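Open the model in your viewer and follow the stops below. At each one, select what is named, then read on.

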Amino acid sequence: MAIGPARMSLMEHLGELRMRLVRVIVCLIAATCVFYLSTGTVVQFLLAPVAEFMPTDGNGDVMLNVLGAFDAFSVRITVALWTAVVATAPITLWQILAFFLPALKPRERKWFLPTFIAALALFIIGTVFCYCIILNPAFQWLTDQASGFATILPEAGQWVDIIIKFELGFGVGFEMPLVVFYLVMFGVVPYKKLRASWRTVYIVLLVFSAAVTPDASPVTMGLMFAAMVVLYEISLLAARVGLSRRIKRKEQAEKAEELEAQEARAELKDLKQRYREHLWGEEESEGK
């Protein structure tokens, strides 16, 4: 990763910022064009977990409905843009990291690469979890609500939009362990306080789950809440392990300092003893 010098003038900083923004925008535009041309494949992939609740053509592909003359174009642009944002997220984060990294101390820089990898991995795990576990039961519950009084006509813009929101919501929600871990490790919130306030934390996670999920389904909210609780407990466990290692290193350092202090006191005592013996020897020689 190309990193600029730590000390630059204001104009040099602005020039570097412009360069990195240009890189991000160019990658985003290129990815959007690629996904725009392959919107059909992307949409079929997004709708695969919920295909059983939707009408299909002779080839088994899901068929959506558009109501306006320009709705198809709007859907293609939306799908292409959001897919490009997700696909180019590593490049965007990398450029942000490269811009801010020179301002940090060497001790602080070591946290950035693990943070980048962990954040990217958690986001991917969240989207995969939503795709494989959440979408099917969520849409099954939602479509069952029309049973007996209505026929669902899947509108392209609405269905694609809600699936994208599901994926992004779970991807962002799965970043929670990273936030909790750093809050504990940097001493912003004590571990014991988070552990003792688990009831309050669980209520907050329940509210967060209800806010993040784009539908009103209790099934979706429940699955999201369960996943968040598991992730929260894992993050606390990781923080506890990290703290125990830090405490162990601190105790070892304190023991080493105490041992050095004891050795220094012993050496000082020995020097004093030798000095007294030397003085006594001089006094005896003068008396003779």
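In which helix is Glu260 found? Select Glu260: it is found in helix α11 (residues 218-287). Helices here are DSSP runs (H or I, at least four residues), as strands are (E, at least two), and they are numbered from the N terminus.

**Before you go on**

This is a predicted model, where local features need pLDDT of at least 70, side-chain atom pairs count only at pLDDT 80 or more, and totals for chains, interfaces and linings use all residues. Residues are numbered from 1 along each chain as its sequence is written, and side-chain values use heavy atoms, with hydrogens and water left out.

Colour the chain by pLDDT, the predictor's confidence in each residue, from 0 to 100. The mean for the protein chain is 80, and 86% of its residues reach 70 or more. Confidence is highest in helix α3 (residues 71-87), at a mean of 88, and lowest in helix α5 (residues 106-109), at 70. Where pLDDT is low, the predicted coordinates should not be read in detail.

Now switch to a cartoon view. The protein chain has eleven helices and zero strands.

**Stop 1**

Patches take residues with over 30% relative accessible area and no salt bridge; like charges are joined within 9 Å, and nonpolar side chains (Val, Leu, Ile, Met, Phe, Trp, Tyr) within 5 Å.

Is Glu260 buried or exposed? Glu260 counts as exposed because its relative accessibility is 53%. The cut-offs are under 20% relative accessible area for buried, over 50% for exposed and in between for partly exposed (1.4 Å probe, protein chains only).

**Stop 2: the nonpolar patch**

Select Met11, Leu14, Leu17, Leu21, Ile25 and Ile29. They form a nonpolar patch on the surface, with about 570 Å² of accessible area together. Areas come from the Shrake-Rupley method with a 1.4 Å probe, and for residues only the protein chains shown count as cover. Leu14 lies in helix α1 (residues 10-37). Leu14 is partly exposed, at 43% relative accessibility.

**Stop 3: two salt bridges**

How many salt bridges does the structure hold? It holds two. A salt bridge is a side-chain nitrogen of Lys or Arg within 4 Å of a carboxyl oxygen of Asp or Glu.

Select Asp161 and Lys165. Their side chains meet in a salt bridge (3.2 Å, N to O). Both lie in helix α7 (residues 156-173), four residues apart, about one turn of the helix.

Next, select Glu233 and Arg195. Their side chains meet in a salt bridge (2.9 Å, N to O). This pair links distant parts of the chain: Glu233 is in helix α11 and Arg195 in helix α9 (residues 191-196), 38 residues apart. Glu233 is partly exposed, at 24%, and Arg195 is partly exposed, at 29%.

**Stop 4: an enclosed helix**

Val180 is one of the buried residues of α8. Eight of the ten residues of helix α8 (residues 176-185) are buried, so α8 is largely enclosed by the rest of the structure.
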